[in-house]
Amino acid sequence: MDSANNDPEQVICYCSGSTRQQLQELINQGVDNLDRLSRITGACSGCGGCEYEITQLLAEKIQS
Ligand code: FES
């Protein structure tokens with residue numbers, strides 16, 4: 001994935017329309033796993049195609 005693209009308005013999950021910013025805000029608030037993020041935003045509850053990207057967002061946060 002292109003980690004150089006940090007556009008906050010980038011849609012990460014097309015099925016739910018969740019943007020990078022929305023997901024990152026939740027992660028910053030302590031939503032630290034895919035399951036919880038999914039329940040709150042609906043992300044990754046459709047086709048599952050965004051799972052990798054969301055996992056990356058979570059991993060970035062955990063490493064920082
Ligand atoms: S793009 Fe996220 S579930 Fe389909």
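Helices here are DSSP runs of H or I with at least four residues, strands are runs of E with at least two, and both are numbered from the N terminus. The model is a predicted one, in which local features need pLDDT of at least 70 and side-chain atom pairs count only at pLDDT 80 or more, while totals for chains, interfaces and linings use all residues. Residues are numbered from 1 along each chain as its sequence is written, and side-chain values use heavy atoms, leaving out hydrogens and water.

Let's start with the charged pairs. If a salt bridge is taken as a side-chain nitrogen of Lys or Arg within 4 Å of a carboxyl oxygen of Asp or Glu, the count is 2. One joins D35 to R39, with the closest N and O atoms 3.3 Å apart. These two residues lie 4 apart in helix α2 (residues 34–41), so about one helical turn separates D35 from R39. Both D35 and R39 are exposed, meaning over 50% relative accessible area, where buried is under 20% and partly exposed is in between (1.4 Å probe, protein chains only).

In the other pair, the side chains of R36 and D32 meet at 3.7 Å, N to O. R36 is partly exposed at 37% relative accessibility, and D32 is partly exposed too, at 47%.

Beyond its neighbours within four places in sequence, I54 is in contact (heavy atoms within 4.5 Å) with I12, L23, L34, L37, A43 and C44.
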